[in-house]
Amino acid sequence: MTDARFEDESYARATVDLDEAYLDRQTGGDRALAHEVLVLFRDQARRQYEVIVGEGDARTRRDAAHTLKGSARAIGAWRVAAIVQAIEVAFDADAVAMNLRFEELDAALAAADEIMQQILSRPVA
């Protein structure tokens, strides 16, 4: 069953690298918790990315894309989530199309990571 909150991701929302206001709401304004969540996301994103762009079977790669999509949505990394959602349903596409999606994912992860690094550099207390 699809979560109705995510069925209609608008183009504008899908261009947001990291929604800090959303992250703040998700963590109840707790900066230490936000830091912990971002550190966990960055680690998971690296691991899932390797599986997604790797040479494994399509099901394993789809599962990794699905996991990353959920994690990205949980922190407000809407652009990453939108791209990974497109990848999740397109593993049967030709290699050129998939490589373009992977390049989009690279850029989205880099942009989100830049914002995460800024947040992580701020004092917690």
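1. The crossing of helices α4 and α5 is left-handed, a term used where the near helix is turned anticlockwise from the far one by less than a right angle, clockwise being right-handed. The model is predicted, so that local features need pLDDT of at least 70 and side-chain atom pairs count only at pLDDT 80 or more, while totals for chains, interfaces and linings use all residues. Residues are numbered from 1 along each chain as its sequence is written, and side-chain values use heavy atoms, with hydrogens and water left out.

2. Helix α4 covers residues 58–75 and helix α5 residues 78–88, and the two pack at an angle of about 160° with their axes 8 Å apart; helices here are DSSP runs of H or I with at least four residues, numbered from the N terminus. Axes are lines fitted to C-alpha atoms over the stretch in contact, and angles run from 0 to 180 degrees between N-to-C directions. The two helices are therefore roughly antiparallel to each other, the term for angles over 145 degrees.

3. On the α4 side of this packing stand R62, A65, H66, L68, K69, A72 and R73, which meet W78, V80, A81, V84, Q85 and E88 of α5, contact being heavy atoms within 4.5 Å. By class these residues are seven nonpolar, two polar and four charged, where Ala, Val, Leu, Ile, Met, Phe, Trp, Tyr, Cys and Pro count as nonpolar, Asp, Glu, Lys and Arg as charged, and the others, Gly among them, as polar.

4. Helix α5 also packs against helix α6 (residues 95–121), at an angle of about 160° and with the axes 9 Å apart, which makes α5 roughly antiparallel to α6. This crossing, too, is left-handed. The contact of α5 with α6 has 13 nonpolar, no polar and three charged residues.

5. The structure holds one aromatic pair, formed by Y22 and W78, whose arrangement is edge-to-face at 4.9 Å centre to centre and 65° between the planes; rings pair if their centres lie within 6.5 Å, and planes over 60 degrees apart count as edge-to-face. The pair links distant parts of the chain, with Y22 in helix α2 (residues 20–26) and W78 in α5, 56 residues apart. Y22 is buried at a relative accessible area of 11%, and W78 is buried at 1%, buried meaning under 20% with a 1.4 Å probe and protein chains only.

6. In helix α4, S71 is buried, with a relative accessible area of 17%. Leaving aside neighbours within four places in sequence, S71 is in contact with F41 and Q44.

Terms used. Angles under 35 degrees count as roughly parallel, over 145 as roughly antiparallel, 65 to 115 as roughly perpendicular and the rest as oblique. Rings of Phe, Tyr and Trp (its six-membered ring) pair if their centres lie within 6.5 Å; planes under 30 degrees apart count as stacked, over 60 as edge-to-face and the rest as tilted. Buried means under 20% relative accessible area, exposed over 50%, partly exposed in between (1.4 Å probe, protein chains only).
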